[in-house]
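Please examine the sequence and the structure shown below. The paragraphs that follow lead through them step by step.

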Amino acid sequence: MPPSSLSEIVSVRLNYPLLFQIESYNDEIVSHCGVLEFDAEEGFIHMPEWMMKNLKLQEGDLVIIRNTAMPKGRYIKLQPHTTSFIEVSDPRAVLEKKLRSFTCLTSGDTIMVTHNKKEFYIDVLEVRPPGDVICLIDTDCEVDFATPLDYKEPEVERPEPKKEDDEKKIEKVTCGDEKGGEKEFRSFTGKARRLDGEAVAVGSGGYAVTVKGQTKVVIEEKIKDGGKEVGKEKFKAFTGMSYSLGGV
């Protein structure tokens with residue numbers, strides 16, 4: 001600000017720290033700031049380029065400056081424009097150091113900080129106590145980060161669709177015969193054996209039953225009615241003799 005501003009501030013005895021509201025004369029957009037030096041040309045003020053972008057100002061535009069009071073900040077939520085900021089070593093410590101040069105923050109503004117000769121733009125999403133602006137002088141603020149604007153979810157690698165030539169084909173299972181040839185595999189065609197290892201002989205159309213160590217083959221018989229076959233006798237379960245565990 002120009003030196004004449006300092007003389008006027010002293011004459012009206014403004015309270016410190018000196019905090020100001022800046023309003024664009026044409027668009028009525030509002031932001032807030034402090035004052036760094038009183039050495040500008042008379043009739044002019046100098047502000048950072050990022051602040052002029054927030055106010056949509058061009059060089060030489062008119063602004064309205066008012067002294068204002070604001071609450072001390074307790075919480076800030078920020079959103080970097082690029083993931084490169086959160087990739088720096090300890091971005092929270094870097095930001096805390098850079099914010100010491102700020103006297104206040106306005107919700108909805110975009111600020112710019114430099115680190116290792118790189119410029120990082122950061123949006124102010126939220127401030128607390130709730131309102132439009134907070135003071136950062138002599139206060140401890142909790143800082144929270146939102147996902148950077150250019151962040152993209154990592155793509156999940158999906159397997160490429162299989163071609164028809166790569167699909168598995170179901171083939172018949174074959175086994176060699178005595179002559180060295182091949183024949184089609186058929187399940188459950190082996191010989192039945194009892195628990196003592198002896199083979200169980202089963203005739204055509206019947207089934208084997210072992211009682212007291214003796215194997216009997218039960219043959220299904222056809223029922224005749226007047227010399228005519230009317231069908232096979234139906235199997236009836238649990239119709240045999242009962243035995244105790246001792247075999248009696």
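Two strands are said to pair if DSSP finds at least two bridges between them. Helices (H or I, at least four residues) and strands (E, at least two) are themselves DSSP runs, numbered from the N terminus. The model is a predicted one: local features need pLDDT of at least 70, side-chain atom pairs count only at pLDDT 80 or more, and totals for chains, interfaces and linings use all residues. Residues are numbered from 1 along each chain as its sequence is written, and side-chain values use heavy atoms, with hydrogens and water left out.

With these terms in place, strand E1 can be considered. Strand E1 (residues 20-24) and E2 pair in the antiparallel sense over four bridges. Within this pairing, Phe20 stands opposite Cys33 in E2, and the bridge partner of Gln21 in E2 is His32. The two strands E1 and E2 form a hairpin with five residues between them. In the turn of this hairpin, Glu28 has a positive phi of about 60°. E1 also pairs with E3 in the antiparallel sense, over five bridges, and the bridge partner of Ile22 in E3 is Ile65.

These pairings belong to an open sheet of three strands, in the order E2-E1-E3, with antiparallel pairing. Strand E2 (30-33) and strand E3 (63-67) stand at the edges, each with a single partner strand, so one side of each is left without a neighbour in the sheet. Neighbouring strands of this sheet are turned by 25° against each other on average, direction ignored; here, axes are lines fitted to C-alpha atoms, for helices over the stretch in contact, and angles run from 0 to 180 degrees between N-to-C directions. In general, strands of a sheet pair through backbone hydrogen bonds, either parallel or antiparallel.

A further question concerns exposure to the surroundings. A residue is called buried under 20% relative accessible area, exposed over 50%, and partly exposed in between (1.4 Å probe, protein chains only). Four of the five residues of E1 are buried, so E1 is largely enclosed by the rest of the structure. Ile9, found in helix H1 (residues 3-12), is also buried, with a relative accessible area of 6%. Leaving aside its neighbours within four places in sequence, Ile9 is in contact (heavy atoms within 4.5 Å) with Leu14, Tyr16, Leu18, Phe20 and Phe38. The C-alpha atoms of Ile9 and Asn67 are separated by 9.5 Å, although these residues are 58 residues apart along the chain.

Another hairpin is formed by E6 and E7, with two residues between them. Asn116 in its turn has a positive phi of about 55°. The two strands pair in the antiparallel sense over six bridges, and Ile111 has Ile122 in E7 as its bridge partner. Five of the six residues of E6 are buried, so E6 is largely enclosed by the rest of the structure.

Which residues of helix H3 are buried? In helix H3 (residues 91-98), they are Pro91, Val94 and Leu95. They cover an arc of only 95° around the axis, which puts them on the same side of H3; the arc is that of the directions from the helix axis to the C-beta atoms. The buried residues of H3 pack against strand E4 (75-80), strand E6 (110-115), strand E7 (118-128) and strand E9 (142-145).

Aromatic rings provide the last topic. Rings of Phe, Tyr and Trp (its six-membered ring) pair if their centres lie within 6.5 Å; planes under 30 degrees apart count as stacked, over 60 as edge-to-face and the rest as tilted. The structure holds three aromatic pairs. Trp50 and Phe102 form a tilted pair, 5.8 Å centre to centre, with 35° between the planes. This pair links distant parts of the chain, 52 residues apart: Trp50 is in helix H2 (residues 49-54), and Phe102 is in the loop between H3 and strand E5 (104-106). Both Trp50 and Phe102 are buried. The rings of Phe85 and Phe145 have their centres 6.1 Å apart and their planes at 50°, so this pair is tilted. Phe85 lies in the loop between E4 and H3 and Phe145 in strand E9, so the pair ties together parts that are 60 residues apart in sequence. Ring pairs link Phe85, Phe120 and Phe145 into a cluster.
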